[in-house]
Amino acid sequence: MATATSTQTPDRLTSYNPATGEVVGSVPVHTAAEVDAAVARARVAAKAWGALSFAARNEELTSFRKALAENAEEIAELLHRENGKPLLEAYAEVMMALGHVQHAAARAEEAMAPRKVSAGMLANFKATVSYHPLGVIGVIGPWNYPLFTPMGSIAYALAAGNAVVFKPSELTPLLAVKIAEIAAKTFQLPDLLQVVTGAGATGAALAKSAVDKIAFTGSAATGKRVMMAAAERLTPVLLELGGKDPMIVAEDADLAKAAEAAVFGALTNAGQACISVERVYVADAVHDRFVDEVVKQVRDLKVGGDDGHLGAMTSTAQVAIVKDHLEDAIAKGAKVHTGGPNAITGNYIQPTVLTDVDHRMKVMTDETFGPVIPIKRVASLDEAVKLANDTSFGLGSSVFAGKGARAIADKLRAGMTAVNAVMAFSGIPALPFGGIGDSGFGRIHGDEGIREFTRVKSTAEQVMSIPMNMMSFRQPKDMTKRLRGMIKQLYGEGVVAKAGDFFRKLRG
Ligand code: NDP
């Protein structure tokens, strides 16, 4: 549970600006009974929404997108005030989120189009795979990208024909309430997208409720708790957890571009992104030049203020994690080039560049989720790949290199890789987003992200009868012998025909 930039009484949750300590506002703490009631209302909405045509849903989602765009100033301002991120980053988040609403609405029909598949041996059948809405999706969102991240589930779930009950982080509830207000005004079904607010207990109630799927973004520890709670009803879960994303810089990389990307990838949103660049492995021959360039660029950045590049950290709990990682690294021999544990003032952390780091240090193995760039010298690309893959996480990754870049990318054990760029996969709505290992499972974004919120239905439709009907007890006396022969013919060493052809022949 995050702390300090929100407080709670039994029935109200207050959200504070992490940059100033000012109250942003307060929201109700919804009880388990209220969460269940919201899910029940959503179920009614889901029935009507799921019955609409794709075109009708697309039209309503387009109105929703337009209404969000109309309210972009207020939404960005709330993102800025509740999360602490600079206004520029807040607007970038709004823009990216709206791109996903547009994409999900436009793609749903094609992504969910029924597919005819081969009927194999049963050549007298027509076989179809079709996709149908699940019903009600519970979305539990994080505080770092309070709009963009949950929208990756919300937009795709709605486009697939589901209703949504969204529980935002206790640190960023007002933004979510604003989105729900816009949704209630835009959608003809006011309960289609509801928000329930509160701290972890409200999220836990949603995970235990009668939703048809839970889409969770947050820490691996809480993700496991959500999965255990959902197991009670065998509710499926999609887990988008943290990462320890590596970046590899090869000898033939464009160093200036690589440094610029490392600085942005590690420090955007003050490093509080699940796909932040969390560690950098640089070829020996260019290591020193790369470090000099990174340090030079980092020194030009401004922390805090209206024109700052880095805002306040969203919670004091996160500041403590970053400080602990820095102290641990320094105690184990890391060299500090900028920032460091003494360059922390309240919720502001000066961006920190470290070298002489290794995998005994938390900063190279645990999710730091803060403005830190640890850079490690490597003797070869093989060593870089080995170290990059030496993690229980597997979310994003990036490679800067010349001709061999794609080959290096293919060796990385991660859900996503950017080549000669950082984080780009999250801005391409057609690319599925998600991880492996401790980074979770399931995908948001892309066609996979739409189908994630559907149930798959398989239909086998008999279109003509054939003399040999295996789905009957009425078989000729020599059927066992015939089957024995057929197995050899169809699947043994002397395969004479594909199963379908064989049965077509048999049908005459
Ligand atoms: P959490 O994982 O605790 O919170 C994520 C969401 O889960 C929030 O909405 C939270 O609500 C909710 N939640 C908390 N407890 C429960 C529960 N028992 N059942 C259901 N939902 C629950 O994140 P933290 O704020 O504690 O962050 C800790 C770490 O997680 C960070 O240091 C970072 O490493 C990682 N993280 C990763 C993110 C990502 O994008 N992958 C995003 C955020 C964090 P509430 O906030 O009200 O407690």
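This is a predicted model: local features need pLDDT of at least 70, side-chain atom pairs count only at pLDDT 80 or more; totals for chains, interfaces and linings use all residues.
Local features need pLDDT of at least 70 and side-chain atom pairs pLDDT 80 or more, while totals for chains, interfaces and linings use all residues. Residues are numbered from 1 along each chain as its sequence is written, and side-chain values use heavy atoms, without hydrogens and water.

**Exercise 1.** Describe the shell around the ligand and its polar contacts.

Solution. 
1. The shell has 31 residues, counted as near if a heavy atom lies within 4 Å. Gly141, Trp143, Glu170, Gln318 and Glu367 come nearest.
2. By class, 14 are nonpolar, 12 polar and 5 charged (Ala, Val, Leu, Ile, Met, Phe, Trp, Tyr, Cys and Pro are nonpolar; Asp, Glu, Lys and Arg charged; the others, Gly among them, polar).
3. Polar contacts are pairs of N or O atoms within 3.5 Å. Ligand oxygen atoms lie 2.6 Å from a side-chain N or O atom of glutamate 170 and 2.7 Å from a polar backbone atom of glycine 141.
4. Domain 1 (32–242 + 446–457) and domain 2 (245–392 + 396–428) both give residues to the shell, so the ligand lies between them. The domain bounds come from an automatic or database assignment.

**Exercise 2.** Describe the packing of helix 1 (residues 32–51) against helix 2 (residues 54–70).

Solution. 
1. The angle is about 115° and the axes are 8 Å apart (axes are fitted to C-alpha atoms over the stretch in contact; angles run from 0 to 180 degrees between N-to-C directions). Helices are DSSP runs of H or I, at least four residues.
2. Trp49, Gly50 and Ala51 of helix 1 meet Arg57, Glu60 and Leu61 of helix 2, with contact meaning heavy atoms within 4.5 Å.
3. These residues divide into 3 nonpolar, 1 polar and 2 charged.

Definitions and conventions. A polar contact is a pair of N or O atoms within 3.5 Å; within protein, one must be able to donate a hydrogen and the other to accept it, and residues adjacent in sequence count only if both atoms are side-chain atoms. Helices (H or I, at least four residues) and strands (E, at least two) are DSSP runs, numbered from the N terminus.
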